[in-house]
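Please read these points alongside the model. They are meant for someone who has not looked at it before.

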Amino acid sequence: MTDTEDTMSQVNNTVTNDMLTTENNDTTTNSNDITTENDMITTEYTESVLTDSHISAMDIDNTLSEEDKQAQESLDALKELLETVEKLSEDNTQYELHLKRIELAKKAGLPEELENARENMHQVYAMSEDLWLDWIKDTHSNMTAEDDSRLLWLYSEAEQDYLSINIWKSYVEYISHKFHQTFDNATEESEDLTEYIKIVREDIMKAVRATSHHIKGSQQIWKLYSQFEMDVLEKFKTEDQKKRVQNMYLARLDTLHMDYEDTFNSYSSFITAYDNEHYEDNMIEANKIYASLKVAAEARDIYEQQLISTGYSLDAFYQYIENEKYMRTMSSVNNVRALYERAIVYYCTDVSLWDDYIIYLIDKARVSAFIHKTILRSIRNCPWSGILWAHYARWMESEEVERETVIDLFDNAMATKPLTKSLEDLVTVLLAKCDYERRQIDWEYPDNDQVLNLCVAFEESLDCIEEAFPSSRDPYCRIEKYYAYISANRLDNIEKARELWESIISRHGYDTESYIQYIYFERDHGDYEKCETIFKRAIAKKLDNPVRLIDVWNTIEHEIGTLQSYEEASIRINQKTKKLTREWQDQLYKDQERLLIETLAKEERELEKKRKKGLRRMDNKIKLKEKKKDTGSDMGDEVKVKKSVHKEEWKASAKKYSHDKEENSPKEELKDNVVTVDEESLKDDHKSIEEGAEPVKRKLSDDDLYNVDPKKVKIESEGEQPKDEFVKPTMPFRPRKTTKRAKAITLAGLEHDKNDMDTPEDTVAAENETPVVAKSNNDFRAMLLDRKKKHRDTN
């Protein structure tokens, strides 16, 4: 029965049960007439309330119970589930449809369909950690005593897909829980209990061995195992168990892991509790192991931190793996395998990662079981990869598997639809098949049946490529070239080989390398006239690399050519060279013209862009001016008011300052606000300056009051006096010490004398002089009076 029929039967059963329930309800209708009447009354009352309250249709929908909503969702999921199952029956390799089928089975509430969906996906693809844990959780919750084997089977299948710490942890916790149900009630050690402990120990050790080289997460599994052994030791304190626990700790310290400090501290506590008399001897022995473990773990910690910082990127894994291959401390093949397994958890569909992993196992491990298991897992994760299918076929060949089994493998690979959609993967599988058939033949004593199998493999491969890719086929003609070589060199069938080469150049008439390989083929078989014919055919075509063909033709003519063939080749090569030169010149002219057009177009676009930008600026200025005109009158009045208020405040502060200064000054007030500078007043001012009196100052006008500097007002109001101008002193002349001096250089146009230098006496005199005081307005006025007086005297 197919998956679609199984699902339809489940749906029909559900519908039939609903119909039976409806019939049973009809038989009890007569006995519930009173209830029905009450329900009708209640319904009428409810309708009246709804009408009076004007409840909308949306509100009525919201009043549906949660059960009704879940039922509707289940029906929708059921309809969609049937469509999904039908699509999977047509193509069972669609990963997303498998996931969708599982989710829809959950929503529809069909446990049997959910189980079928999971099993079908498990047969085709490897399932992720979350899918396995959900499956295990559902099985465990619905498990009976007889379903114990089913759960153990799930754990066994789950551990084959990926190295999952969480799955192994769940497995050990389940085993430990079952163990303690029996072990805790035991009062004495019996043979049955001892045998049961051995079985449980072996089950837990299976998880420990599988995860021991996961240096980051293996401690979680080992801690559960150590707790199991410690529970046995605490209950039955035997010497054998104590020795077993001690060896367990020492073996753990000898295994590379990051939580080495926790292990060492636990071992110290164990020795203290159970062998304290020999504590020092035991710890000295353990410390030697611990020291080497610490060095090795610290060397790996750099890469562990790099994995975390890069979000477990593939490049970080590759770098970690390559460094682990050449590590000197505690390096092993299992450590590298564990790193590959950790990377696969994150990048399970990366074909290059699987290929690199398999090649490493072939190179270093050389364990057939490891290689076989890894190849199977890789195909389950990447069934579209021809490289991985080819690895599987070669492994079967190395194990001398029967030919029928290997051919079935190739048939299964060709039946995978994702593989047939990729030309490279398809050609890879077909080449692997032809290789297998060729290696089955003993060419010293060939068997006709084996030769026929090889020819059939070639022909089927060509037909398969033509059927899958009818328009393009293989652009590199790998199967045809392989077939032509075998036909000519192994089967002595030159005509078949020439036929294949003719088909190659007819389909790829512009491929230079195809022509060259055909020429080499004819040369190797001594047909020099055929070589010349192929050259003439090729040089007349527009090949992708004519220079390469010309170079090969010259080489062939040097090796096997006659005088006549050489001259004819030179003529044709000369004609082809001139033609190519003209074509290249025309192409160069076209390229230059195109570049010029593009440059002019670019400049024109830039000018247009600048012009539009200038127009936008002008528009913005015009709009701004219009806006100012509209708001100018209102804003002008406001600005004038602000300026007048500001001016009045400055006037008031200046008047206050002037008033305070006049009160504190012992001098008489000036009668006039404005001083008119005439001849008499200048004379009086000059006279007062000569006598040392303070010059007369004019009163401030209103404009001057407005322009008073507030800093000067503050300084004068606080009674501070301006400081004198600083005069930099001259350093005294100090002759140099007697040293070797370089040759003196006379500078043109400059004359220096020793007398021009300042002597120490001059420097002291200059320091004692009174510094020059900056001249004020009174000094300037006195200078004007002197000039006028001298001018008057001269006249």
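1. Cys531 is buried in this predicted model, because its relative accessible area of 1% falls under the 20% limit. Cys434 also counts as buried, at 0% relative accessibility. The count of disulfides comes to 0. A disulfide is a covalent bond between the sulfur atoms of two cysteines. For the count, a pair of cysteine sulfur atoms would have to lie within 2.5 Å.

2. Ala296 sits in helix α14, which covers residues 279-309. Is Ala296 buried or exposed? With a relative accessibility of 0%, Ala296 is buried. In sequence, Ala296 and Thr329 are 33 residues apart, yet their C-alpha atoms are 5.4 Å apart in space.

3. A patch of positive charge on the surface gathers Lys609, Lys612, Lys613, Arg616, Arg617, Lys621, Lys625, Lys628 and Lys629. One of these residues, Lys621, belongs to helix α29, residues 563-664. Lys621 counts as exposed because its relative accessibility of 57% is over 50%.

4. Which residues form the negative surface patch? Glu402, Glu404, Asp408 and Asp411 do. Asp411 is placed in helix α20, which spans residues 403-414. Asp411 has a relative accessible area of 39%, so Asp411 is described as partly exposed.

Note on methods
Residues are numbered from 1 along each chain as its sequence is written. This is a predicted model: local features need pLDDT of at least 70, side-chain atom pairs count only at pLDDT 80 or more; totals for chains, interfaces and linings use all residues. Side-chain values use heavy atoms; hydrogens and water are left out. Patches are made of residues with over 30% relative accessible area and no salt bridge: like charges are joined within 9 Å, nonpolar side chains (Val, Leu, Ile, Met, Phe, Trp, Tyr) within 5 Å. Accessible areas come from the Shrake-Rupley method with a 1.4 Å probe; for residues, only the protein chains shown count as cover. A salt bridge is a side-chain nitrogen of Lys or Arg within 4 Å of a carboxyl oxygen of Asp or Glu. Lys and Arg count as positive and Asp and Glu as negative; His and the chain ends are not counted. The place of a charge is taken as NZ of Lys, CZ of Arg, CG of Asp or CD of Glu. Helices (H or I, at least four residues) and strands (E, at least two) are DSSP runs, numbered from the N terminus. Buried means under 20% relative accessible area, exposed over 50%, partly exposed in between (1.4 Å probe, protein chains only).
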